[in-house]
Amino acid sequence: MNNLKLNQMKKDIFTKTLNKVCKECGISKKDIFIKSKKQETADSRHLLYYVCLETPHFKISYLQRYMKDHGYKAYHSEIIYGYNKIKNQIELDEDIKEKIGHLQEECTNS
């Protein structure tokens, strides 16, 4: 698979995940790209980071680029923090683990 096709596939995964996360969390796409520490906004971004980074070969640099394309500067440390926060929640709550598992399947398959 050539790089152009691979890059488009990663961007499609990001877009699909963004749409599903916004729908699941009841937040607009516009809000997810606003610098805000409101819990629902931050949690939605963290979920977006987690699902994308759990996709094979999806790198933090891709997330940074796609977030920047929407006007949001996502720092490496912010992405790692959000990813780890969701990872810890999954380890503590079986319901969240199942919910995120379904979300991952929907976003990376088809």
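How are H4 and H5 oriented to each other, roughly perpendicular or oblique?

1. **Basis.** This is a predicted model: local features need pLDDT of at least 70, side-chain atom pairs count only at pLDDT 80 or more, and totals for chains, interfaces and linings use all residues. Residues are numbered from 1 along each chain as its sequence is written, and side-chain values use heavy atoms, with hydrogens and water left out.

2. **H4 against H5.** The packing angle is about 110°, and the axes are 10 Å apart. H4 and H5 are therefore roughly perpendicular to each other. Angles of 65 to 115 degrees count as roughly perpendicular, under 35 as roughly parallel, over 145 as roughly antiparallel, and the rest as oblique. Axes here are lines fitted to C-alpha atoms, for helices over the stretch in contact, and angles run from 0 to 180 degrees between N-to-C directions. Helices are DSSP runs (H or I, at least four residues), numbered from the N terminus.

3. **The H4–H5 contact.** The crossing of H4 past H5 is right-handed. In a right-handed crossing the near helix is turned clockwise from the far one by less than a right angle; anticlockwise makes it left-handed. H4 contributes Ile60, Leu63 and Gln64, and H5 contributes His76, Ile79 and Ile80. Contact means heavy atoms within 4.5 Å. By class there are 4 nonpolar, 2 polar and no charged residues. Nonpolar covers Ala, Val, Leu, Ile, Met, Phe, Trp, Tyr, Cys and Pro; charged covers Asp, Glu, Lys and Arg; the others, Gly among them, are polar.

4. **H3 against H4.** Helix H3 (residues 39-53) packs on helix H4 (residues 60-69) at about 135°, with axes 10 Å apart. The two are therefore oblique. H3 passes H4 in a right-handed crossing. From H3 come Arg45, Leu48, Tyr49, Cys52 and Leu53; from H4 come Ile60, Leu63 and Met67. The contact holds 7 nonpolar residues, no polar ones and 1 charged.

5. **H1 against H3.** This pair packs at about 140°, with axes 9 Å apart. That angle makes H1 oblique to H3. The crossing is right-handed. Phe14, Thr17, Leu18, Val21 and Cys25 of H1 meet Ser44, Leu47, Leu48, Val51 and Cys52 of H3. The classes are 8 nonpolar, 2 polar and no charged.

6. **The core.** Which residues touch the most other members of the largest nonpolar core? They are Phe14, Phe58, Leu63 and Met67, in a core of 30 residues. Two or more residues come from each of H1, H3, H4, helix H5 (76-92) and helix H6 (94-108). H3 gives the largest share, 7 residues. A nonpolar core is a set of buried Ala, Val, Leu, Ile, Met, Phe, Trp, Tyr and Cys residues joined through side-chain atoms within 4.5 Å.

7. **Phe14.** Neighbours within four places in sequence are left aside here. Phe14 then contacts Phe33, Leu48, Cys52, Phe58, Leu63, Tyr66, Met67 and His70. Phe58, Leu63 and Met67 are also listed with Phe14 for touching the most core members.

8. Cys22 is in helix H1 and is buried, at 6% relative accessible area. Buried means under 20%, exposed over 50%, and partly exposed in between (1.4 Å probe, protein chains only). Outside four places in sequence, Cys22 contacts Ile27, Ser28, Lys29 and Ile32. Thr41 lies in helix H3 and is buried, at 4% relative accessibility. With neighbours within four places again left aside, Thr41 contacts Ile27, Asp31, Ile32, Ile34 and Ser36.

9. **Thr15.** Is Thr15 buried or partly exposed? Thr15 sits in helix H1 (residues 3-25) and is partly exposed, with a relative accessible area of 35%. Thr15 and Lys73 are 58 residues apart in sequence, and their C-alpha atoms are 17 Å apart.

10. **His57: worth a look.** This residue lies in the loop between H3 and H4. His57 has phi near 70°, a positive value in a residue other than glycine. At 68% relative accessibility, His57 counts as exposed.
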